[in-house]
Amino acid sequence: MSDTYIKVDGDRYRVEEAKTLIQKAWGLSMREKGKMLFVFEKPQKPTFDMMLVQHPLHMYFIDSQQEVKDRVKAEPWTLDPRTWKLYRPERPVKYVLESFEDLDLQQGDKIQMLSH
């Protein structure tokens, strides 16, 4: 995985960039901190689970114009099957940003991709 930076309202964040299928499948599983940017070749409606994630994650669904279209706080799975939720944007997106930390991004906010 490669690192990149994003900027939101003057705040700059280092994020790991997940581009390959393996990187996207593993995501932030088995971690306690971090931020990851999932980059897709074309807009789509990817599905995320929280099977191997031990702490809640904030997911931000971002379109190709780098605008936040939706956000969700995803909860880890437990032994109770009622917690086995899948998370998916309502509309196709080009990016998904996951973070253990709430970045307070709201629908309509723009992010800026910075060079490595």
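Visitor: What average pLDDT does the chain have?
Guide: Since we're looking at a predicted model, let's start with the predictor's confidence in each residue, which runs from 0 to 100. In this chain, 97% of the residues score at least 70. The average for the chain is 93.

Visitor: Which element has the highest mean pLDDT?
Guide: Let's start from the other end: strand β1 (residues 2-8) has the lowest mean among the elements, at 86. The highest mean is 98, and it belongs to strand β5 (residues 57-62).

Visitor: Are the rings of Phe38 and Phe48 stacked or edge-to-face?
Guide: Ring centres have to lie within 6.5 Å to pair, and these two are 5.1 Å apart. Next come the planes: over 60 degrees counts as edge-to-face. The planes of Phe38 and Phe48 sit at 80°, so the pair is edge-to-face.

Visitor: Which strands do Phe38 and Phe48 sit in?
Guide: These two residues are both buried. They're 10 residues apart, and their pair links distant parts of the chain. Phe38 is in strand β3 (residues 35-44) and Phe48 is in strand β4.

Visitor: And how are Trp77 and Trp84 arranged, stacked or edge-to-face?
Guide: The structure holds 2 aromatic pairs, and Trp77 with Trp84 is one of them. Their centres are 5.7 Å apart, with 25° between the planes. Planes under 30 degrees apart count as stacked, so Trp77 and Trp84 are stacked.

Visitor: Is Trp84 buried, partly exposed or exposed?
Guide: Buried means under 20% relative accessible area and exposed means over 50%. Trp84 comes in at 45%, which is why the label is partly exposed.

Visitor: What about Glu17, buried or exposed?
Guide: You'll find Glu17 in strand β2 (residues 11-18). Its relative accessible area is 9%, and the cut-off for buried is under 20%. So Glu17 is buried.

Visitor: How far apart in space are Glu17 and Leu37?
Guide: Along the sequence, Glu17 and Leu37 are 20 residues apart. In space, going C-alpha to C-alpha, the distance is 4.8 Å.

Visitor: Which residue lies over the face of Tyr5?
Guide: For a charge to sit over a ring, it has to be within 6 Å of the ring centre. Here the distance from the ring centre of Tyr5 is 4.1 Å, and the residue is Arg12.

Visitor: Which element gives the most to the lining of the largest pocket?
Guide: That pocket holds about 190 Å³ of space. Its lining has 14 residues, and those closest to the centre are Lys24, Ala25, Trp26, Ser29 and Asp49. Two elements give two or more residues, α1 (21-26) and β4 (48-49). With 3 residues, the top contributor is α1.

Technical notes:
Residues numbered from 1 in each chain as written. Predicted model: local features only at pLDDT ≥ 70, side-chain atom pairs only at ≥ 80, totals over all residues. Heavy atoms only, no water. 1 Å grid on protein atoms, 1.4 Å probe; cavity = no way out; pocket = protein on both sides within 12 Å on 5 of 7 lines; lining within 4 Å. Points joined across faces, edges and corners; volume = space filled by probe spheres on them. Helix = DSSP H or I, 4+ residues; strand = E, 2+ residues; numbered from the N terminus. Phe/Tyr/Trp six-rings, centres within 6.5 Å; stacked < 30°, edge-to-face > 60°. Buried < 20%, exposed > 50% of the residue type's maximum accessible area, 1.4 Å probe, protein only. Lys NZ or Arg CZ within 6 Å of the ring centre and 35° of its normal.
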